[in-house]
Structure formats: C-alpha cells, structure tokens
Amino acid sequence: MQIGRWNHQGGTSGANKSSRGSREGSTHRGSRSRSFSPSDFAAAGRPARGGRNFGPRGGRGRGRGGVGAFGQTEAEIAKFVNRAVVTTEEPVFVPEHKFTDFDINPRLKANIVAKGYELPTPIQDKAIPHVLHGQDVVGLAETGTGKTAAFLIPLIDKVMKQKDERVLVMAPTRELAVQIEKELAGFAKGLGFSGMVAVGGANITPQIAALRHNPTFVIGTPGRLKDLMERKALNLSTFGTVVLDEADRMLDMGFIDDMRFILAKMRKERHTLFFSATMSREIEGLIGDFLESPTVISVRTRDTSKNVDQDVVRVPRGTDKFEVLAEMLQDRDFSRVLVFGRTKYGVEKLSKALSRRHIHAESIHGDKTHGARLRALEAFKRGSVTVLVATDVAARGLDIPEVSHVVNYDLPSTYEDYVHRIGRTGRGIHKGKALTFIEG
Ligand code: AMP
C-alpha cells in the first residue's frame, strides 16, 4: 500500500480557507497576466458579437461577467492569479490506529489483512471508532480516500454482532454501487451474510428474487430502490442502518425526492452515515434533516489550488472571446481541457461551436441524460475528445486524471465555485493550469 497517498490536513477542512490565504499578495498586474487582443489571433480574428454568444449573463450593460458572478472587481480578479507551488513530496499520514487496534471481529480483521490493507487511511482512522460506537457520522471525503471501507468495516462488525441488523447503502451510480458490493464481498468472505446490488438500467426481476432472501446489505441507486419499495419487494422497516454515499452527487443528479422518500420509510431512530466530497448549504440542510447530532470528519486533501498555476486571460472590449478560446485550444499543450460555462444552454452551444471548428469537444450539463453525460465523460477520459465543456453542477465530484487546463470561459458565481473548478486539474503531484477569461 502506498501510505504516502493518504495525506491530509489533520481533520481541518477547507481547501477554500487555506487557498485564500495562499493567494494573498498575488497580483493580477504581474507579468504573467496575459492580454489577448485581436492581433493575437489575427487569422481567426472577427469582431465581437456583443459578447453575448456563450455567456447569456454577459450581455451589454450588466457589467463584467454578469450579475452574481465572482470576478467583477480588480480585487476579486487578483484571486484568479497565482503561481503553482508544486509539492512533489506530500506529508506522510501517520494513522492513530492499526486495524488490529479496532474492537472488531477477528475473522473480519483476517479478511482485511487478506485484502492487503495494512494501515487505515485518514477517513478510516477517524471514522471507524465513531461508527463502531453507533454514532451518526458525516464524512467529507472524496473517492480514492478509502471511504468505502471506512463504513463497510464497522458495519460488517455491527451485523456480525446484531444478527438481525440490515444495512441500506444508497449511491448515485450503478458503477459505484457495484464497486461497493465488490469491496463488501472481499471483507465479508466466509462470514455468513450476503449483499446485493439494486440499480436502475438492469433487469428488476432478479433483484426482486434476490431481495426475497433478505440480504444483509442492500446497495442501490435511489430511483431503483424506490421502485422496489413501491413494488413491495423491499421493506425498509427491517433496516436500522443507512449509508448515503456521495450524497452531493446524488443531489446533483436529481435524486433528492427519492432519497427523502426512502429515508421517510426507515425507522426514525436509525444509524445514519453520510459521505460527501463537497459541503454546500444544500448538503448542510440534508445533514440537518437526516442525521442525529453527527460527528463530522473532514479529510478533504491538500489545498489543491496550490498545485495549480492560475492566471487570467484579458479579453478586450470588442473582441470575441470565443475566438480567443478557439485560438488557445490550437496549442498542443492544451491536451485535456475542462471549460466551464455558466448555463446549460451556453455550455451546449459552446461545445457545438468548438466542434464546428474541428476542435473535438463534448459537453456535460443537467439537460443531458445520465447516459449521455457518462458517454461524454468517458470520451474525455479516453482522450477521444480533448475539450469537455461543463457547468459547475455537472462537473462536481468528477475524477478525471490529468486534466491539463481548466478554462473559466464564464466567471464562476462564487469563489468557492472557482476553487472547485480549478481543483479538477493539478491532482496528485501533477501541476495544473487554470485560466480565467476577464472581459472588458
Ligand atoms: P475508495 O475511496 O473507498 O473508493 O477506495 C479507494 C481505493 O483504495 C480502493 O481500491 C480500495 O480498495 C483502496 N483502499 C481503501 N482502504 C485501503 C487501505 N487501508 N489500504 C490500502 N488500500 C486501501
């Protein structure tokens, strides 16, 4: 195991907080601030068309970036400029516990060892003791932090102690549900209980049949779980524990009503675990609604923005920013580019306009079906498209390796959105680049 991977900031949260600090004193007037003018892309140059083509909020008379955008004043723009500090060596995480320290069944411990896990990751180190004590837990952790085992290990121990206990796991996608079940199968080998996957896009009949055997763990997507409940195949009154995994993604994918429906059918005095990569007002609201005095554990990793070279691209009045972008994307260094737009409509239009210029682009936004979003994402990951145009919401939680550049074609709404956007690049030890278009 690469223990060095599991670095963290000791439970303090906030890429946002620390990145603000790191940017203090940076200036947009530095020599790195680029200013594109029509002569920079003379071949492609065209007069501006009012600056409204792809940024509906950027219309005349509304000021730079439109109403409600972050980056309208020079002080705010200064926050978009920062030289990356590339830390090739990340601090090594030293866990407080060993798996052998946890008060869990020895047969489960043997399975953990058999899986090759030597030491707990930060989220496991911090969450497992609380879950073992039956506390509600909020885990702020991304995929790749070991969060799955952080809830599976103590919950397996729980069902071994309480024979009639059953666990429901809700996850946003079929892929994640399948992955959780696989991990469960490894830990649960020979322990005498079973789990099943209940996801949409698959035949419901075998799922109904599997539920007749009263599996101890049911892992599913909210839509299909609700469907199974309505068909009376799944009765949640016998489930005392629920895990909401990647709750922010479930919210983004429009599962909120199904989640509420499902939780309303569970016992009020249940044990609830809630995992999310991001924290927002909506997520805070859900935590307040669904959990009882939870312990909050944050292992959100390092200040991602430190690894990202940030700069602004000034687009003078009278210059069409689409042309600036199209010209920029000709550069070979822009090998895997995530472009952010403010609206679903603008994002779709921009990706089509780029495609017409023979720049391989795809889009992801809330008006696309889940399947279409996944296909776009896969094409981007594979490298068959070099540009992915996205809205903030659609891009949340995406784990795409080696994004070379993040381009803020439209300004973000808030500084926090900005930090989320640029966090898509400069992952791990890679240095990333973020460019923010400033018009006018
Ligand atoms: P997750 O964040 O749960 O998707 O886990 C990411 C990957 O890390 C998975 O492949 C896990 O099998 C692996 N993993 C989780 N916990 C540990 C651990 N304590 N030691 C080694 N690998 C782990």
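Trainee: How far is the backbone N or O atom of lysine 147 from an oxygen atom of the ligand?
Mentor: That distance is 3.3 Å for lysine 147. Keep in mind that this is a predicted model.

Trainee: What about glycine 146 and threonine 145, what are their backbone distances to a ligand oxygen?
Mentor: Glycine 146 has a backbone N or O atom 2.7 Å from an oxygen atom of the ligand. For threonine 145, the backbone distance to a ligand oxygen is 3.0 Å.

Trainee: How much of the ligand's accessible area does the protein cover?
Mentor: The ligand on its own has 500 Å² of accessible area, and the protein covers 80% of that.

Trainee: Which elements give two or more residues to the shell?
Mentor: Those are α5, residues 147-161, and α6.

Trainee: And which residues come nearest to the ligand?
Mentor: There are 15 residues around the ligand, and Tyr117, Gln124, Gly144, Gly146 and Thr148 come nearest.

Trainee: What's the shell like by class?
Mentor: Five residues in the shell are nonpolar, eight are polar and two are charged.

Trainee: Back to α6. At what angle does it pack with α3?
Mentor: Helix α3 (residues 106-114) and helix α6 (residues 174-188) pack at about 120°, and their axes are 8 Å apart. That angle is why α3 counts as oblique to α6.

Trainee: Which residues make the contact?
Mentor: On the α3 side, Leu108, Asn111 and Ile112; on the α6 side, Gly186, Phe187 and Ala188. By class, this contact has four nonpolar and two polar residues, with no charged ones.

Trainee: Where does asparagine 214 lie?
Mentor: In the loop between α7 (204-211) and β5 (217-220).

How values were computed:
Residues are numbered from 1 along each chain as its sequence is written. This is a predicted model: local features need pLDDT of at least 70, side-chain atom pairs count only at pLDDT 80 or more; totals for chains, interfaces and linings use all residues. Side-chain values use heavy atoms; hydrogens and water are left out. Axes are lines fitted to C-alpha atoms, for helices over the stretch in contact, and angles run from 0 to 180 degrees between N-to-C directions. Helices (H or I, at least four residues) and strands (E, at least two) are DSSP runs, numbered from the N terminus. Angles under 35 degrees count as roughly parallel, over 145 as roughly antiparallel, 65 to 115 as roughly perpendicular and the rest as oblique. Contact means heavy atoms within 4.5 Å. Ala, Val, Leu, Ile, Met, Phe, Trp, Tyr, Cys and Pro count as nonpolar, Asp, Glu, Lys and Arg as charged, and the others, Gly among them, as polar. A residue is near a molecule or strand if one of its heavy atoms lies within 4 Å of it. A polar contact is a pair of N or O atoms within 3.5 Å; within protein, one must be able to donate a hydrogen and the other to accept it, and residues adjacent in sequence count only if both atoms are side-chain atoms. Accessible areas come from the Shrake-Rupley method with a 1.4 Å probe; for residues, only the protein chains shown count as cover.
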